[in-house]
Amino acid sequence: MSASPPTLHLPPSLETTRSLHRRRLLTWAGTGAAALALPAHAQPGGPRLVTVGGALTEIVYLLGAQTQLVGTDTTSLYPPEALKTPKVGYLRALSAEGLLSLRPDAVVTTSEAGPPVVLAQLRQAGVKLQVIPADHDWREVPAKVQAVGRAAGREPQGRELQARLEAEWADTLRQVAAGAARPPRVLFVLAHAATPQAAGEATAADAVVRYAGGTNCLAGFQGYRPLNAEALASAAPDVVLTTTQGLEAQGGAGKFWARPELALIPAHRRRALVAMDALELLGFGPRMPQAVRALNAEFRRWMA
């Protein structure tokens with residue numbers, strides 16, 4: 001059976017939907033009180049936004065709507081200014097009370113967010129909720145741009161950004177198509193926790209590897225599972241891909257390669273390792289074209 005990456009779980013809110021709705025109505029009573037309660041970085045003049053998902057937060061800044069941003073989740077790490085925004089928790093462990101305390105007009109997120117009961121509570125409280133399917137496909141990126149543009153009241157800027165990203169993506173696909181004759185066999189290792197896991201099919205890592213001209217050497221299962229020395233030796237990856245955050249969590253490249261599960265793979269002999277920022281690589285956000293181009297260039301370098 002496939003394993004999923006470790007997930008932080010928080011206890012559900014003890015408030016009922018009815019009391020949440022009543023609290024929200026009381027909080028919003030009076031425009032003067034609402035104006036006084038604006039976070040320091042937010043300004044009136046547009047819908048109050050909460051974004052749950054780092055890629056969505058990036059798009060807010062690219063559309064120039066950051067003054068409308070009253071909250072983000074803990075995966076919203078870029079641009080650096082996003083670190084200063086009020087945080088609503090991890091995207092898979094949201095709290096309706098925490099979200100509603102920010103009095104958002106709209107919450108934009110993906111289908112990875114939850115738990116579902118919290119999203120239902122937001123809808124019942126009258127918050128406009130936009131949920132973009134996270135299907136690990138390029139079309140997810142323009143869908144996110146469109147959703148943020150609608151939520152922020154900046155649809156013309158959204159169409160302009162989408163056109164620019166589509167052109168960048170077309171250039172990226174042309175670069176990949178002109179790449180190495182033999183696609184590298186790639187192992188993606190999620191190494192943020194003490195027990196690293198390998199990516200199978202139906203993951204963001206699998207999709208990005210294929211977009212960049214590689215082949216996931218561990219096809220045949222979905223999701224993530226712990227590293228297995230025998231399976232990895234049979235898979236024979238040419239290149240190992242991980243995140244810079246994961247590499248740091250493991251103590252650097254030396255300690256990463258010292259893991260016994262990796263000892264018999266071809267990539268180990270050549271120390272063929274590529275590490276990229278997790279949000280840029282796996283976030284399916286506006287930096288995806290540049291991330292895929294950079295990854296493709298690394299694949300070509302190791303296969304030369």
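These legends describe close-up views of a predicted model.

Local features need pLDDT of at least 70 and side-chain atom pairs count at pLDDT 80 or more, while totals for chains, interfaces and linings use all residues. Residues are numbered from 1 along each chain as its sequence is written, and side-chain values use heavy atoms, with hydrogens and water left out.

**Figure 1. The chain as a whole has 14 helices and 10 strands.**
Helices (H or I, at least four residues) and strands (E, at least two) are DSSP runs, numbered from the N terminus. The chain holds 304 residues, and 49% of them are buried. Buried means under 20% relative accessible area, exposed means over 50%, and partly exposed lies in between (1.4 Å probe, protein chains only). Contact means heavy atoms within 4.5 Å. Among contacts between residues at least 6 apart in sequence, 64% join residues at least 24 apart.

**Figure 2. Helix α6 is mostly covered.**
Helix α6 runs over residues 140-152. Its 13 residues should span 18 Å at 1.5 Å a residue, and the end C-alpha atoms are 18 Å apart, which agrees. The expected span is 1.5 Å times one less than the number of residues. Of the 13 residues, 10 are buried. Among them are Val141, Pro142, Val145 and Val148. Lys144 is buried too. After α6 comes Gly153, with a positive phi near 70 degrees.

Glu140 is found in helix α6. Its relative accessibility is 5%, so Glu140 counts as buried. Neighbours within four places in sequence are left aside here. Beyond those, Glu140 is in contact with Ile132, Pro133, Ala134, Asp135 and Phe284.

**Figure 3. Helices α6 and α7 pack at an angle of about 165 degrees.**
Two packed helices are described by the angle between their axes and the distance between the axes. Axes are lines fitted to C-alpha atoms, for helices over the stretch in contact, and angles run from 0 to 180 degrees between N-to-C directions. The axes of α6 and α7 are 8 Å apart. The two helices are therefore roughly antiparallel to each other. Angles under 35 degrees count as roughly parallel, over 145 as roughly antiparallel, 65 to 115 as roughly perpendicular and the rest as oblique. The crossing of α6 past α7 is right-handed. A crossing is right-handed if the near helix is turned clockwise from the far one by less than a right angle, and left-handed if anticlockwise. From α6, the contact takes in Val141, Pro142, Val145, Gln146, Gly149 and Arg150. From α7, Glu155, Gly158, Leu161, Gln162, Leu165 and Glu166 meet them. By class, this contact of α6 with α7 has five nonpolar, four polar and three charged residues. Ala, Val, Leu, Ile, Met, Phe, Trp, Tyr, Cys and Pro count as nonpolar, Asp, Glu, Lys and Arg as charged, and the others, Gly among them, as polar.

**Figure 4. Helices α7 and α14 pack at an angle of about 10 degrees.**
Their axes are 9 Å apart. Helices α7 and α14 are therefore roughly parallel to each other. On the α7 side, the contact is made by Leu165, Glu168, Trp169, Thr172, Gln175 and Val176. On the α14 side are Met288, Pro289, Val292, Arg293, Asn296, Ala297 and Arg300. By class, the contact of α7 with α14 has seven nonpolar, three polar and three charged residues.

**Figure 5. Helix α8 is largely enclosed by the rest of the structure.**
Helix α8 covers residues 204-211. Six of its eight residues are buried. They are Ala204, Ala205, Asp206, Ala207, Val208 and Val209. Gly213 follows α8, and its phi is positive, near 95 degrees.

**Figure 6. Two peptide bonds are cis: Tyr78 to Pro79 and Gly114 to Pro115.**
Between Tyr78 and Pro79, omega is about -5 degrees. Pro79 sits in the loop between β2 (69-72) and α4 (96-100). Between Gly114 and Pro115, omega is near 5 degrees. Pro115 lies in the loop between β3 and α5 (116-124).

**Figure 7. Arg103 and His136 have positive phi values.**
Arg103 is not a glycine, yet its phi is about 50 degrees. Arg103 is placed in the loop between α4 and β3. At 6% relative accessibility, Arg103 counts as buried. His136, also a residue other than glycine, has a phi near 55 degrees. The loop between β4 and α6 holds His136.
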